[in-house]
Amino acid sequence: MFTKLREDIQSIIERDPAARNGWEVLTCYPGLHAVVMHGWAHACWRIGLKWPGRFISYIARIITGIEIHPGATIGRRVFIDHGFGVVIGETAVVGDDCTIYQGVTLGGTTLVAGTKRHPTLERGVIVGAGAQVLGAFTVGEYAKIGSNAVVVKPVPSGATAVGNPAHIVRKEDQARHAQMFAAYGVTPNGDDPLSKALRNLIDHVARQDEQIERMCSTMKGAGISCNGLADNDKLDQAQLNRLVE
């Protein structure tokens with residue numbers, strides 16, 4: 001137990017620059033308290049003491065603002081940062097070295113008791129603040145879920161998911177990037193593929209407008225009557241790109 005506690009404290013110090021020392025983490029970090037108390041509740045749950053497990057979970061919720069069902073499986077070195085409003089359901093599995101920020105829900109979408117209803121986070125997953133991961137699917141190793149994303153389908157290992165509903169921003173090269181820690185699931189240069197697609201379409205239409213103007217000018221120069229684009233029909237490329245951003 002003490003070995004696991006030392007591991008948890010050290011992992012928090014490594015992932016949170018605001019953590020100054022082990023004593024501060026031990027006494028002032030509700031995410032650590034919630035994980036420790038969940039260990040007690042889960043032990044009760046596994047040996048059939050359901051009510052004591054639920055009661056310990058309830059007390060932990062009052063103290064920390066983090067609700068972890070005693071039936072959930074929590075791995076080693078899991079860091080719940082800030083933590084207020086985190087909800088982890090009964091059949092959820094959180095793998096080793098995962099990081100979960102405030103307001104996250106690992107929830108179920110079915111009402112069938114006794115079945116797997118909640119997500120599984122494999123090793124090293126980062127779930128940003130306010131994200132909702134809903135359903136009995138797997139988020140692969142070292143995947144990242146952006147803040148406020150709503151994830152309703154599996155996320156491949158090493159991928160980054162953002163948006164509502166969430167879509168894959170990119171599938172990173174695990175050898176170089178995937179295992180790098182990214183606070184709140186924000187990856188460097190992780191541009192949204194939908195934004196990229198829209199910007200490409202805007203640029204394409206702008207080039208077409210330019211080509212039409214040149215064609216009309218050439219036809220007029222050759223004495224052929226041609227009406228160019230009206231000013232109000234021309235694409236405002238800069239304005240549309242600002243809207244996409």
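Select E90 first. In this predicted model, E90 is partly exposed, with a relative accessible area of 26%. E90 and R117 form a salt bridge, and their closest N and O atoms are 3.3 Å apart. Trace the chain around each partner. E90 sits in the loop between β4 (87-88) and β5 (93-94). R117 sits in the loop between β7 (105-107) and β8 (120-121). The pair links distant parts of the chain, 27 residues apart.

Is R117 buried or exposed? R117 has a relative accessible area of 15%, so R117 counts as buried, the cut-off being under 20%.

Next, select D96 and R123. Their side chains meet in a salt bridge, 3.6 Å from N to O. D96 is in the loop between β5 and β6 (99-100), and R123 is in the loop between β8 and β9 (126-127), so this pair ties together parts that are 27 residues apart in sequence. D96 is partly exposed at 22% relative accessible area. R123 is partly exposed too, at 31%.

Last stop: E67 and R61. These two form a salt bridge, with the closest N and O atoms 2.9 Å apart. E67 counts as partly exposed at 31% relative accessibility. R61 also counts as partly exposed, at 42%.

How many does the structure hold? There are 9 salt bridges, including E90 with R117, D96 with R123 and E67 with R61.

How values were computed:
Residues are numbered from 1 along each chain as its sequence is written. This is a predicted model: local features need pLDDT of at least 70, side-chain atom pairs count only at pLDDT 80 or more; totals for chains, interfaces and linings use all residues. Side-chain values use heavy atoms; hydrogens and water are left out. A salt bridge is a side-chain nitrogen of Lys or Arg within 4 Å of a carboxyl oxygen of Asp or Glu. Buried means under 20% relative accessible area, exposed over 50%, partly exposed in between (1.4 Å probe, protein chains only). Helices (H or I, at least four residues) and strands (E, at least two) are DSSP runs, numbered from the N terminus.
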